[in-house]
Each structure stands twice: as C-alpha cells, then as structure tokens.
Amino acid sequence: MNTHSANAPSARCRLAMVISLLLAGSLVQASNDAPEACRQVDLGLAYVSGDAFRYGRFTGNSDGANAVLNMELCRGNGHDAEGRPVWRLRARDVGLATPAVEASLLRQGRYRVWGEFDRLVTGRDAGQTPLQGVGGASLGLPSGWVPAATTAGMSQLLPSLGDLTLSQRRNRRGIGAALWFADSWKFEARAREDRKQGLRSIAGLMGNTGGNPRVIMLPEPLDQRTRLFDASLSHAGPRLQLRGGLHLSDFDNAHSGLVWQNPFAAIAGWAPSAGFPNGRGQLSLPPDNRFHQLSLGAGLDIVPGTRLNLDLAMGQMRQNQAFLPYTVDPVLAASVVAPLPRASLDGRIDTRLVVLRLASRPQGPWSWGFDYRFDERDNRSPRDSYVGIGGDSQAQDASEASGRRRINLPVSYREQRLGLNAAYRFGTRSDLRMGIERRDIDRTWSVRSDSEETRLNLGLRSRIGERFHAGLRWVGSRRSGSTYLGNRPFLDSHTPAYVDTVPGAFENLPGLRQYHLADRERSQWALVAGFAPSAQWNLGASAGWTRDDYRRSEFGLTDSLQRNVQLDASFQSQSGWSAHGFAGREWMAFDQAARAFQGGANRLTQAADPARNWSAAHRDRVDSLGLGVARRVLDGRVSLRADVAQSRALGSVQVSVGPALSAAPLPENEARIGTLDLASDFHLSERTSLRLGLRQERFRSADFATNGVGPNTLANVILLGQDSPDYRVHAILLSLRHRF
Amino acid sequence: MRRPARGERRAAPDRGFGRQAATEPGQQNQACIDCHRIDAGMHWLGSAHESAGLLCSDCHQSHAASDPALDKANEPALCGTCHQQQRAEMLRPSAHPLHDGRMGCSDCHAAHGGLGSSLLTGGNVNETCYTCHAELRGPFLWEHAPAREDCMHCHRPHGSVHPAMLTQRTPFLCQQCHLAQFHPSTALSGTGLAGPNLPSGSQSLLGKDCQNCHAQAHGSNHPSGASTTR
C-alpha cells in the first residue's frame with residue numbers, strides 16, 4: 001500500500017531548515033544591494049488537528065506538527081541596466097509533503113537558465129478492501145475466503161477488510177535555458193518530467209452481459225512518467241517575428257495491466273473456470289504513448305496598428321503497446337479460435353493546425369479583425385475485427401453473428417472556424433463590439449458526420465466619469481448539421497450478421513440526440529459593472545445567463561439554464577484599515593428525457609411506448625461568500641487580518657416517470673465548506689516579524705451514492721466503502737519572517 | 001538619458017502607464033511589446049485580452065523586484081478579479097488546485113494570446129489537457145468518441161459541484177448519450193437506494209454508478225474492452 005503522510009517534523013525537515021537558514025545567512029553578505037521583497041525567509045511550525053483527509057488534499061498533510069520553510073532570495077532584478085547576472089531562488093512549503101523550489105539565473109539580453117521542482121499530492125481518500133498485494137499489479141484474496149454468487153453469502157468479506165488510502169503523488173522536475181544572440185534571435189529549450197505514483201480506484205468486472213456482472217473495486221497502482229521537451233528558435237525583427245518549435249511528449253506507464261482474483265463464485269452464464277478460486281480478471285491500464293509536434297509561427301506588422309499572424313503546427317500521437325490477451329484465464333484462452341488480428345494497435349493520429357489572424361487597430365474609431373482556424377485530428381489507426389471474451393468469463397464466440405465480434409472505430413475530427421469582428425469607439429469612454437463566427441466540424445464514424453454552428457456576439461462597454469463603468473454582452477448561436485444517424489456507430493462496429501439479429505437494428509433509442517452533436521440554440525448574456533464612489537471604495541457586480549435549447553432532441557439533454565450573480569466590494573482607508581468581500585450565487589438547471597426499454601420479445605414494443613418515458617430535472621445551486629478585514633495597529637507594529645469564506649453546493653435530481661414505471665424521490669446532495677483564517681504579524685524590527693495564524697476549516701457533504709454505502713451494500717459489487725467527507729480541522733501556524 | 005542635477009526639475013516621462021495616465025492605451029502596451037515582441041507580443045494584437053482593452057499595467061508591475069503576475073500562485077486571484085465566474089468555480093468541491101495555490105491559470109491559458117481558442121496554451125482543449133494527463137491521450141483501440149473530441153463535453157475544468165469535475169451528475173450524465181436496452185435506459189431514482197437489509201440498492205446508482213463496471217470511460221486498449229469494461 002502506498003500512502004503519503006507527513007506527521008511530526010522529520011529529521012529530513014529539520015535538516016532542510018538548518019541548511020536553508022545557513023544558506024540564507026550567507027546570502028545576506030552576498031546580496032546587500034538587492035530589493036527587500038526578494039530576500040526573505042519564513043520559518044514556521046504548523047500544527048494540524050482533527051480528521052483532515054480533504055484538508056490535506058493538495059498538501060499531503062495529516063494530523064500533527066510540521067515544520068514549514070518559505071523563502072525568496074535574489075541578487076539584482078530583471079531590469080538590471082548594467083547587464084549584471086541576476087539570480088533568484090524561491091522555495092515554498094519546504095518541510096511539508098508538497099515542496100516547490102525554483103531557481104533561475106538571468107543576464108538580461110544574454111541568457112537565462114532555470115530549474116524547478118514541485119510535488120503535488122491529490123486524492124487522499126480512505127477505503128477498505130479484502131484484496132492482498134495492494135500496490136502491485138496482481139491482487140489476490142486472503143486464505144479462507146468464502147466465495148458466493150453475491151456479497152450476501154461472503155461471510156469473510158467484512159472480517160477480511162484492510163484499510164487503504166487512495167492518494168496520488170506527482171513529482172515534477174524541470175530545467176530550461178534561453179539564449180539571446182545576434183540582437184534579434186532567441187533559442188530556448190526546456191525539459192520536464194512528471195512522475196505520478198500512488199493508488200486510485202478502478203472497477204474490476206467479471207461477466208459478459210449487463211445481466212451477470214460481478215465487480216470488486218480495485219486499488220489501481222500508479223507509476224506513470226511523462227517526459228516533455230520543447231525547443232524553439234525565434235527571430236524578433238522590428239516588423240517581422242518568426243518562431244519555429246519542436247514539442248515532444250512521452251508517456252510511460254510501469255504497469256500495462258492489473259490482474260485480480262475473482263471473489264465471486266461462478267454464476268449462470270459464466271464458464272465454470274471464471275469463478276473463485278481459479279477465476280482471474282485482467283484490466284488494461286493506460287498504454288505508453290507519445291506525441292511530437294513541429295510548429296512554425298510568423299507575425300508581421302503590415303502597417304502600424306495592423307498585424308498578420310500565421311501559425312502552423314503538425315504533429316503525431318502514437319501508441320503501439322503490445323495488446324493484452326483476450327483473456328487472462330488459461331482455460332478460456334484455450335477456446336480462442338479467432339486470434340488477435342495484430343499484436344498491437346499501431347495507433348496514430350495526425351494533427352494539423354492552422355491559425356490565421358489579421359487584426360487592425362487604426363487611429364480612427366473603427367477596429368476590426370479576421371480569424372481562420374483549421375484543426376484536424378486524423379486518426380490513422382488500423383481498423384480490424386476483434387472477437388473479445390466478455391469479462392474473462394466465457395469461451396470465445398467467433399461466429400459471424402456473434403455480438404462479440406467488434407470492429408474498432410478510429411474516430412477523426414476536423415474543425416474549421418471563420419470569424420470576423422469589429423469594434424467602434426465612441427470617444428474614449430465607450431465602445432461597441434460585434435462579431436460573427438462560423439464553425440464547421442467533420443467527423444468520421446459518428447452519428448452526425450457534419451456539424452455547423454453560427455455564432456453572433458454584441459457587446460457594449462462604457463465608462464461614465466472616473467467612477468463608473470459597465471458592460472453588457474450578448475452571444476447567440478445556432479447549431480445544426482447533417483442527418484442524425486443514431487445507429488451508425490452500432491452498424492459500423494458490428495457485423496451485418498449480428499445486426500440482423502437485433503430487432504430494429506439500433507442500440508440507443510432512435511429519438512436520442514447526444515447533446516454534443518444535437519441541434520442547439522444558445523443564448524448568453526453577461527453584465528458587468530464597477531463603481532468607485534471614493535478613492536477608498538470599489539464596488540463591482542457581474543451577472544451571467546446562459547440558455548441552451550436542444551430543440552429537436554426527443555431524448556437526451558433537452559434544455560439547460562445556467563445563471564450566476566457575483567458581487568464584490570473592497571475598502572482601503574488611509575488610517576490602515578482595509579476590507580474586502582464577495583458574494584455569489586449560481587443556479588444550474590438541466591433537463592433530460594428518456595424511455596426505459598428492455599430486450600427480448602418486448603424490445604420494440606417498449607421502445608415505442610410513451611408510458612415508459614421518464615425525465616430527470618437537475619437543479620444545482622452554489623452559494624459563496626467571503627469577507628476579509630485587515631488593520632495595522634500600534635503605529636504599524638502589529639498587523640491583524642481576518643478572512644471568512646463559505647461555499648455551499650446543493651444539488652437535487654427529480655425523476656418523473658410514465659405510468660408503466662415506478663420511481664421514488666432522491667435525497668438532496670450537499671457539500672458545504674467554511675474556512676476562518678486569523679493572522680497577526682508582530683513587527684519585531686524593521687526586518688523581522690512574527691506571524692501567528694489560525695485556520696479552521698469545516699467541511700460537510702452528503703451524497704446518496706456514497707453515504708453509508710459500504711463494501712457489502714450492493715449485491716454484485718464489492719465497493720471500497722469510500723464515504724463522503726465530513727470533518728472539522730484546526731491549524732495553527734507560528735512563523736518567523738526575516739527580510740535581508 | 002541625462003540624470004537631472006540636484007534641484008533641477010525632472011523631465012516628464014515620454015509615456016505614462018496605468019488607467020489614469022494620459023498616454024493612449026495602445027501606445028502604453030506598445031512600449032512593452034517593443035522589448036517582448038517574440039513572447040508576449042507575438043499574438044497580442046487581436047487576442048481576447050487585447051480586444052477587451054487590457055493594459056499591460058492592469059496585470060504587471062514593471063518596476064517591482066517581483067512582479068506578482070509572474071508568480072503562479074498569485075494568478076487565480078489576479079485573473080479572478082475580472083473572471084469572477086471562474087473564480088467562483090475554483091471554490092467548488094471538485095476543482096483543479098488553483099485556489100490552493102498548487103496550479104496557475106497560465107498552466108492552461110496563454111494570457112497574451114496563443115494558438116488555442118480561449119487563450120489555451122495548447123492547440124485545442126485536448127492537447128492542453130494531455131500536457132498533464134498524457135495517460136488519456138491514446139490513441140486507444142476502443143475510443144470514446146466525445147472524449148477524443150473535447151474533454152469539456154463532460155468536464156468543467158475550473159470546478160464543478162460533481163465529482164471528477166463532471167458537468168453533471170452520473171449516471172444521468174451518461175444517460176444523456178447512452179439509452180440502450182435494459183440498464184442504460186432504466187429510470188434510476190430513490191427506488192435504487194440501499195434499504196435496511198443488505199445487500200440492497202442499485203449498482204447503476206450507488207458507489208461509482210456506471211463506472212462500477214465501465215471503468216475505462218476515456219477509452220480502452222484491451223482487445224476485449226469494446227464496452228469500456230477492460
């Protein structure tokens with residue numbers, strides 16, 4: 001099991017603190033002419049109490065004490081006219097599980113080199129599993145395991161549960177260098193490596209139809225590495241700028257698959273070998289892949305205020321990892337009569353991007369722009385017939401009419417956009433903006449091969465005096481396209497012999513319109529206003545309204561409406577007071593429609609029966625509120641600050657059904673987070689201050705999908721028992737800041 | 001430039017910077033672009049921020065030893081002063097770690113203009129996402145077509161009230177595109193909640209709902225994974 005926690009300060013932390021202080025002390029001598037802001041060290045001690053799984057979601061911290069070091073050190077500044085080298089070192093959260101360090105050396109107009117490291121910890125979710133070998137690519141059950149057809153008969157499930165923490169840690173390391181030469185040329189190269197390790201959950205399914213699945217949720221081991229390299233050569237002439245670049249990205253996964261022992265006994269519809277104890281399942285994990293791209297860009301000032309930009313980029317995504325076998329079960333593997341058509345996919349997507357832009361800002365009141373964009377992802381992966389084995393639980397059925405005989409669909413995408421925009425200035429205080437954009441999309445193996453969308457926008461902004469400004473913007477668009485062929489992917493990915501066995505020759509309801517491809521009318525309004533009644537006060541407000549009408553969708557998403565209102569205020573007095581606040585509310589409403597139908601003899605009858613219709617109305621509301629106040633007292637020797645933030649999200653789904661169906665209400669889901677930050681800085685001297693901080697965070701959430709849903713709740717799925725977070729945590733920070 | 005003698009009046013600067021300055025906004029920005037032609041200036045004219053009338057000085061402090069705009073940890077607060085909707089989304093229960101200071105807006109957006117729409121650093125949404133999520137890049141043997149086309153068909157990258165930054169709650173989100181016979185088209189409601197006697201409850205509604213079985217929502221490379229269960 002792979003967990004990441006930082007409890008009491010470790011020897012490593014203490015060593016880092018000592019080294020940092022020694023380093024900081026030596027720099028005092030070396031950099032006594034640099035501005036104060038970039039030469040400071042914070043050394044602190046933090047104590048965190050309470051159950052804090054979510055609190056530490058990006059810091060990796062759990063209860064207890066932690067030493068913290070932040071520092072920023074430099075010599076000179078970036079605008080050093082004498083051309084002297086400038087260096088900078090910045091470190092944050094050293095001592096915690098998520099340190100970030102970056103260092104750079106710059107000589108203005110000559111060179112710059114830099115390096116960086118940071119660590120991110122995400123997830124941190126608690127769960128339980130009976131599986132053994134957690135962290136590895138092969139998971140087994142404990143001795144004495146009692147299999148059954150459902151969790152009801154698994155007498156050893158609860159006694160066998162062991163705790164685990166699902167958490168991911170990402171380490172990022174990067175270096176780079178830039179070189180300026182011959183007055184107008186620049187060469188830059190940078191390399192970065194991200195390594196992601198840890199655990200996350202993934203479903204391990206046995207079974208070959210929607211009627212006989214049995215699942216155990218697995219801890220998936222993560223050990224992934226992504227390497228990025230970018231190099232570019234640029235020329236910056238007074239009128240013409242050129243840039244050529246190379247981008248490489250290589251993804252490497254230490255695990256190609258995950259094998260687990262099936263905890264369920266063989267059930268009807270499965271081959272006998274699939275059940276416990278010999279039954280095994282195998283998942284594929286993200287395959288190794290790479291992407292490379294060449295780019296060329298040019299910018300030309302045709303005349304002052306008028307510029308032409310042309311950017312071209314060509315790339316390739318490739319993936320050729322060896323396939324896993326159809327099944328990991330040796331008994332079922334012996335049944336294979338139609339072998340894999342190839343050993344690996346040899347997948348390839350060619351990407352092409354062209355962006356052309358002409359923009360003009362002449363001296364008169366008019367300005368205008370023209371944009372053209374071509375974005376193609378041409379999937380050249382080979383198309384073959386694969387005869388899969390459903391969920392490692394059946395012998396291969398290689399007949400021509402087998403539903404297991406599937407042909408892959410290497411989907412391609414090509415988008416073209418053409419836009420025109422113009423603006424007219426009324427004096428120096430108001431302007432009117434307008435634009436039109438046409439978007440055309442071509443797809444392969446899609447229910448809709450061509451889409452087209454026309455978008456109009458109109459905006460008005462105005463300043464009234466020095467104290468008030470406001471803006472209003474409207475965007476309207478209409479999307480339509482070629483004939484919607486809902487069963488096209490179904491027909492293209494199965495054999496005609498199999499399609500002949502399916503009444504109606506469709507998979508999804510013919511009336512369904514997938515929302516990203518459906519006809520849609522969109523209308524958006526946005527309003528923003530700001531008012532400064534005095535030099536001390538600033539007030540702001542904004543509101544947004546977006547309505548999507550899927551006017552021809554009988555089933556699927558039919559309508560959505562999203563609204564938001566945000567208010568802001570800030571105050572800054574000359575006597576040392578400052579305050580700020582914000583409040584916002586968002587409403588999100590989505591409506592969808594569907595019809596429930598089953599297979600077999602009643603399939604077509606039910607698929608046409610309006611009494612089996614159902615709909616879901618989603619209503620989400622998010623409230624956020626923040627208040628803060630700061631004050632300097634005792635002649636500026638003490639600074640006090642207090643911040644409060646609250647956010648509450650409420651979500652409901654109301655399901656309504658026709659007379660042939662039944663339904664019951666679903667409870668509301670809620671997530672509520674409240675934070676209180678108190679901080680006081682005691683300025684012990686001109687250069688040294690002591691900070692005492694207190695933070696309290698309260699998080700409550702309720703989600704019917706996870707609340708009280710344990711490993712043995714469902715009959716056919718052994719879950720990890722991840723519950724909704726609910727905690728209160730206090731953190732105290734005491735730190736000493738010294739500026740050199 | 002000659003340094004003024006003691007007591008001599010300092011000459012007025014050629015250009016003033018900021019909203020209160022008399023210098024015309026385009027000229028203010030041009031002073032910066034003259035030195036930053038190849039990076040910030042390359043795509044500036046005609047970009048969304050330039051078209052919105054932004055000044056370089058709205059975000060940058062050119063005379064400060066440390067320009068706060070160049071510190072990623074400051075970006076969410078800085079950008080949030082105008083992009084209030086995105087700032088509010090960052091506070092939602094499921095979000096990228098922007099509000100936590102572990103990620104910057106510039107990780108995805110090129111504030112001075114770039115190749116992608118919405119000022120994205122990559123050529124399009126997916127290219128941008130794959131920079132950090134290369135495990136989802138594929139190509140896969142069994143593609144999930146909407147995921148290949150645009151990650152934002154299902155995800156809200158600034159933050160969502162639903163897990164995994166999904167635009168809507170599963171299983172209902174999945175049912176907006178998948179209405180096949182039996183369980184995909186079933187009306188899931190309170191009848192699928194767990195009762196007092198275990199085991200009970202719908203495997204399509206509780207736990208990870210659809211992903212209790214269909215684990216490979218972004219695509220599968222397993223030869224038996226056509227249903228994204230492998």
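The points below cover the interface and then the cysteines.

1. A word on conventions: this is a predicted model, in which local features need pLDDT of at least 70 and side-chain atom pairs count only at pLDDT 80 or more, while totals for chains, interfaces and linings use all residues. Residues are numbered from 1 along each chain as its sequence is written, chains are lettered from A in the order in which they are written, and side-chain values use heavy atoms, leaving out hydrogens and water.

2. Chain A brings 168 residues into contact with 110 residues of chain B (contact means heavy atoms within 4.5 Å). About 10,900 Å² is buried between the two chains, with carbon and sulfur atoms giving 54%; buried area is the accessible area (1.4 Å probe) lost on putting two parts together, summed over both.

3. Between chain A and chain B there are 11 salt bridges, each a side-chain nitrogen of Lys or Arg within 4 Å of a carboxyl oxygen of Asp or Glu. One salt bridge joins Arg425(A) to Glu24(B), at 3.9 Å from N to O.

4. On the side of chain A that touches chain B, 75 residues are nonpolar, 51 polar and 42 charged. Here Ala, Val, Leu, Ile, Met, Phe, Trp, Tyr, Cys and Pro count as nonpolar, Asp, Glu, Lys and Arg as charged, and the others, Gly among them, as polar.

5. Over all chains, the disulfide count is zero (a disulfide needs two cysteine sulfur atoms within 2.5 Å). For Cys79(B), the nearest cysteine sulfur belongs to Cys105(B), 3.7 Å away. For Cys154(B), the nearest is that of Cys177(B), at 7.0 Å.
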